[in-house]
Amino acid sequence: MNRDFFSRYIQTEKQKQFDRDFFKEAESYEVWDEIDFSNLEEVEGEQKFEIKAEDMKYFAEAVMDDNPLFTDEQYASKSPYGQLIPHPVFVTQIIFWCIGTRGRGNWIRTPGARNPGQYMELYEDFRVGEVIHIKMKPYDRYIKRGKYYLRYQIDLYNQDEVKKAMAIGTLILPKNRDDIRKFLRGFKGLEA
Amino acid sequence: MSRMSFASVSIGDQLPPVSRSVTQETFWKFSVASLDYNPVHNDPEWVKTAQPFGIQEPVGHGMMTIAFMMSVVSNWAYPAILKIRKSDSKLIFPVLAGWTVTCSGVISEKHVICPGKNYVVIDLEAKNQDGRLLGVCKSEVVFPD
């Protein structure tokens, strides 16, 4: 995908660095019918996420949430929280960053993937300055009403190995690599 | 900000709703914010033929709908220093540009454990301006008192 819809919205350092082209490395994406469920070893994400205030603030603005605890550092510093806290769905940004492009879990970038809903647990607020890394492993894979579901468990830790959150990431995916290639050519690659 | 006691809330209590009017720009901005650049949300030309949802135009991110629902909870919980512990969502229909998404929440369960561990379950819904159900979510909120 060469069309650039995003330049005018890019502001933060991570947004500038992140590879926005979900087509480019698609041949390296994990595929529904190729995931090895005999190996449930936990693996690390491709990169770590150092939380900056701009990351939290931008996410809140993008979901049109003007809660000053998410966006106003001065207000948040005087609150019982002591500093900015993130919107509860901020984990999305962390997960996409940490999974990266070519590493395990990169199926979340598959063009044509559909989101059926998500599960997450929050243990401690994410804080500016923390460096988050993820550990993930296959959780489930199933077929339901002609759709192919893949689930990974993703655990998020800070630099001191404190577990901050957990997500069961789920997407409806194209079944195999040929179906993904259909989407790369702009055609539907899903059976249902 | 002031704390809210577990005793002060009741099953059936409605949380203040949240409404968001979305456009294609909203989807582009959420792509940038979430780092989810799936073309189904962004590229009208690609979506016209690829149609992952059977719809010929881009749709909003599922995580955007979930975020809208969770704003209902955080608006209520965070000023009262309550702790959002869990969210379990199901997405039913994708959001189209030009829609207004309204999210509502109601306390459906009170779990009486012990001080510091008591929690409520909030049932959330997201609907469009025509009342079409877009998503549901259950969220657990812990009371520290």
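Reader: Let's start with helix 5 of chain A, residues 91-99. Is that buried or exposed?
Author: Buried. In this predicted model, nine of the nine residues of that helix are buried, so helix 5 of chain A is largely enclosed by the rest of the structure.

Reader: Which residues are those, then?
Author: They run A:V91, A:T92, A:Q93, A:I94, A:I95, A:F96, A:W97, A:C98 and A:I99.

Reader: And what follows helix 5?
Author: A:G100 comes after it, with a positive phi near 70 degrees.

Reader: Take A:I95. What is it in contact with, leaving aside neighbours within four places in sequence?
Author: A:I95 is then in contact with A:I134, A:I154, A:A167 and A:G169.

Reader: OK, on to the largest nonpolar core. Which residues touch the most other members?
Author: That core has 86 residues, and the ones touching the most other members are A:V91, A:I94, A:I95, B:F68 and B:M69. Its largest share comes from helix 3 of chain B, residues 62-77, which gives eleven residues.

Reader: Now the contact between the two chains. How many residues does each one put in?
Author: Chain A gives 44 residues and chain B gives 44 residues.

Reader: Which elements of chain A supply at least two residues each on that side?
Author: Helix 2 (53-62), helix 5 and strand 3 (119-122) of chain A each do.

Reader: What's the make-up of that side by class?
Author: The side of chain A that touches chain B has 27 nonpolar residues, along with eleven polar and six charged ones.

Reader: Back to strand 3 of chain A. Which strand of chain B do bridges join it to?
Author: Strand 2 of chain B, residues 83-91. Three bridges join the two strands, which run antiparallel. As for A:M120, its bridge partner in strand 2 of chain B is B:S87.

Reader: Zooming out, how many helices and strands are there in chain A?
Author: Chain A has six helices and six strands. From the N terminus on, the order is α-β-β-α-α-α-α-β-β-β-β-α.

Reader: And why call chain A as compact as a globular protein of that length?
Author: Its radius of gyration is 18 Å, close to the 16 Å that the globule rule gives for 192 residues, so chain A is as compact as a globular protein of that length. The C-alpha trace of chain A spans about 55 × 40 × 30 Å along its principal axes.

Reader: What share of chain A counts as buried?
Author: 40% of its 192 residues. On contacts, of those in chain A with a separation of 6 or more, 69% are between residues 24 or more positions apart.

Note on methods: Residues numbered from 1 in each chain as written. Chains lettered and ligands numbered in written order. Predicted model: local features only at pLDDT ≥ 70, side-chain atom pairs only at ≥ 80, totals over all residues. Buried ≥ 20, exposed ≤ 12 C-beta atoms within 10 Å, placed from the backbone. Helix = DSSP H or I, 4+ residues; strand = E, 2+ residues; numbered from the N terminus. Core = buried A, V, L, I, M, F, W, Y, C linked by C-beta atoms within 7 Å. Contact = placed C-beta atoms within 7 Å. Nonpolar A, V, L, I, M, F, W, Y, C, P; charged D, E, K, R; others polar. Pairing = 2+ DSSP bridges. Rg over C-alpha atoms; globule rule 2.2 N^0.38 Å.
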